Amino acid sequence: MEIHLIVKDKLEAQGIRWIVESHLAGVRLILWDTLEEFEKGLKKQKPDLVILDMDGWANESETFGRLMQQRSFRWLGISSERIFQTAYRALRFRADDVLFRPFSSSDFINHVQQLRNQMRNHERYFPKNTTDAVDTLDIGYDDLFLRERKHSSPIMMAAFLTPHSETLPQVYDTLQRYPFTGKNRLFALSNFILCVQEVGEDTVYQEEYHAFLVYWKKLMDEPIAIVMKEAYPHDSLKKAYQETRQLMRRVFFEGYDIILAENKHKSFKEMDPFLTPLEQRQWIEMLEKRDIKAIREWVEREFLTFQEPYPDPEIVRVRLTSVLAQIRRHMKSYGLQSAFLEAIYHKVFQQIVHMPVIYQIIQELLLFTTSLLEQNHQNLQKGPRTLPEKARELIESNYWDAQWNLAACADALRINKSTLSRRFAAESGQSFRDTLHEIRIGEAKRLLQETDLSLEEIARLTGYNHQTYFNSKFKQCEGCTPLVYRSGI
């Protein structure tokens with residue numbers, strides 16, 4: 001085994017040389033003072049392992065980046081800086097590990113010995129100069145995307161997914177080194193790595209993938225999911241690849257650090273992506289009452305109890321945005337549109353669209369909703385400054401109730417009905433009754449534009465018992481009928 005050492009502190013370099021030569025037999029160690037010298041030496045010598053002082057990267061980052069792009073060696077980093085940048089660079093350039101000073105000689109030897117054993121195992125399964133002939137399948141990207149080609153023997157397609165795409169190079173590198181049995185081929189795709197492996201009757205591929213999962217978790221503290229799909233000789237590679245991608249969608253419901261395997265394709269369960277009128281009414285009431293417990297129970301029941309066959313994850317995401325739209329309506333009604341809340345709202349929307357696992361989305365949605373309603377409660381506790389402002393907030397909270405009126409508002413404010421009517425009109429410039437209809441018709445306009453609900457249902461949701469009366473008031477306020485308004489004429 002040949003080890004190249006690039007450490008600027010000569011005393012430390014000599015100490016590492018002494019540790020290696022005194023503990024490991026059959027090791028040749030070469031010292032280099034700079035990366036430039038090491039790069040020149042690569043033309044004559046090919047190291048099995050490079051030990052690099054990462055603290056000297058700042059002045060030689062260009063040289064190091066060039067070396068890492070065309071490297072044919074494994075490397076171990078050492079550093080005194082326990083910071084994010086160090087870990088990020090190690091991950092980006094696929095270091096086998098990083099040792100932080102001060103480290104003991106026993107820790108150092110254990111790391112080197114572990115890497116040495118891994119290289120020996122790799123050579124055992126894939127001897128030099130014969131690797132390509134032994135482990136590579138004659139399958140290309142065109143077989144997955146374009147041609148309807150059938151393979152002569154059974155194969156296993158395994159997709160390796162992580163929630164962070166920047167980890168995929170590390171997954172690919174680890175898979176390249178891992179001693180899988182039989183011929184295989186790796187494909188690097190935009191959001192996962194695909195391994196196509198030829199399997200026989202005696203192939204214990206499931207045990208191999210379980211072993212890889214354990215190996216990965218020891219190597220990297222990063223979630224990973226392995227999705228396995230077996231294809232028989234009569235199946236086309238393109239069809240097997242498409243079914244593997246379909247199976248990958250289960251990760252949205254089941255999460256990471258698992259292995260998913262299935263031989264039969266299951267269709268997605270049908271699901272209405274939009275809230276029904278009854279569910280919209282229920283959400284309006286839960287938000288108006290600030291019933292956080294009821295909201296949590298509803299969301300968890302609707303989105304965390306899925307069983308196979310699962311619905312299409314994209315349909316679930318649409319349904320989640322329908323829920324978020326109800327929360328958005330509540331924010332507008334109560335003026336909860338500060339820059340801070342707006343930023344969180346848009347963040348939650350992006351999480352619904354892009355976050356890979358549903359329970360993480362639900363956690364963020366509930367956290368946002370709880371925070372929003374608690375802030376709303378605090379604002380209401382402070383109270384508005386004028387009687388019309390207090391009355392208007394009550395109207396916005398109760399407009400949907402056809403039985404709610406001036407008397408109910410006066411009772412809530414503990415004021416005489418006539419006094420409320422007179423003061424509201426004098427101070428706001430509009431009668432209580434006109435304001436109530438204005439808010440109801442405003443909500444009706446929103447429902448006409450944003451939903452496909454029937455006119456009868458919209459009338460009921462906005463506090464009108466009869467559609468005829470609703471049509472009359474709408475035309476009186478807007479100058480056209482609800483149907484004409486919806487058509488956009």
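Q: Where is Arg290 found?
A: Arg290 sits in the loop between α12 (277-288) and α13. Helices here are DSSP runs of H or I with at least four residues, strands are runs of E with at least two, and both are numbered from the N terminus.

Q: And what's the phi of Arg290?
A: Positive, about 55°, although Arg290 is not a glycine.

Q: Before we go on, what sort of model is this?
A: This is a predicted model, in which local features need pLDDT of at least 70 and side-chain atom pairs count only at pLDDT 80 or more, while totals for chains, interfaces and linings use all residues. Residues are numbered from 1 along each chain as its sequence is written, and side-chain values use heavy atoms, leaving out hydrogens and water.

Q: Okay, how exposed is Arg290?
A: Arg290 is partly exposed, with a relative accessible area of 25%. (Under 20% is buried, over 50% is exposed and in between is partly exposed, with a 1.4 Å probe and protein chains only.)

Q: What about Arg414, what's its phi?
A: Arg414 also isn't a glycine, and its phi is positive at about 55°. Arg414 lies in the loop between α18 (406-413) and α19 (417-428), and it is exposed, with a relative accessible area of 81%.

Q: New topic: which residues does a cis peptide bond join?
A: Arg101 and Pro102 are joined by one, with omega about -5°. Pro102 is in the loop between β5 (97-100) and α5 (105-125). The peptide bond from Glu308 to Pro309 is cis too, with omega near 0°. You'll find Pro309 in the loop between α13 (292-303) and α14 (313-333).

Q: You mentioned β5. What's the strand order in the open sheet?
A: The order is β2-β1-β3-β4-β5, five strands with parallel pairing. (Two strands pair if DSSP finds at least two bridges between them.) β2 (28-32) and β5 stand at the edges with a single partner strand each, so one side of each has no neighbour in the sheet. From one strand to the next, the twist averages 20°.

Q: How many bridges join β4 to β5?
A: Four, and β4 (residues 74-79) runs parallel to β5. Leu76 stands opposite Asp97 in β5.

Q: Which strands does helix α1 lie across?
A: Helix α1 (residues 10-23) lies across β1 (2-6), β2 and β4, and runs at about 175° to β2. Axes are lines fitted to C-alpha atoms, for helices over the stretch in contact, and angles run from 0 to 180 degrees between N-to-C directions.

Q: And at what angle do the axes of α20 and α22 cross?
A: Helix α20 (residues 432-450) and helix α22 (residues 467-478) have axes that come within 10 Å and cross at roughly 100°. The two are therefore roughly perpendicular to each other.

Q: Which residues of α20 and α22 make the contact?
A: From α20 they are Arg433, His437, Ile441, Ala444, Lys445 and Leu448; from α22, Tyr469, Phe470, Lys473, Phe474, Cys477 and Glu478. (Contact means heavy atoms within 4.5 Å.)

Q: Last one: how many helices and strands are in the chain?
A: The chain has 23 helices and 10 strands. Of its 489 residues, 46% count as buried. Among contacts between residues at least 6 apart in sequence, 70% join residues at least 24 apart.

Conventions
Angles under 35 degrees count as roughly parallel, over 145 as roughly antiparallel, 65 to 115 as roughly perpendicular and the rest as oblique.
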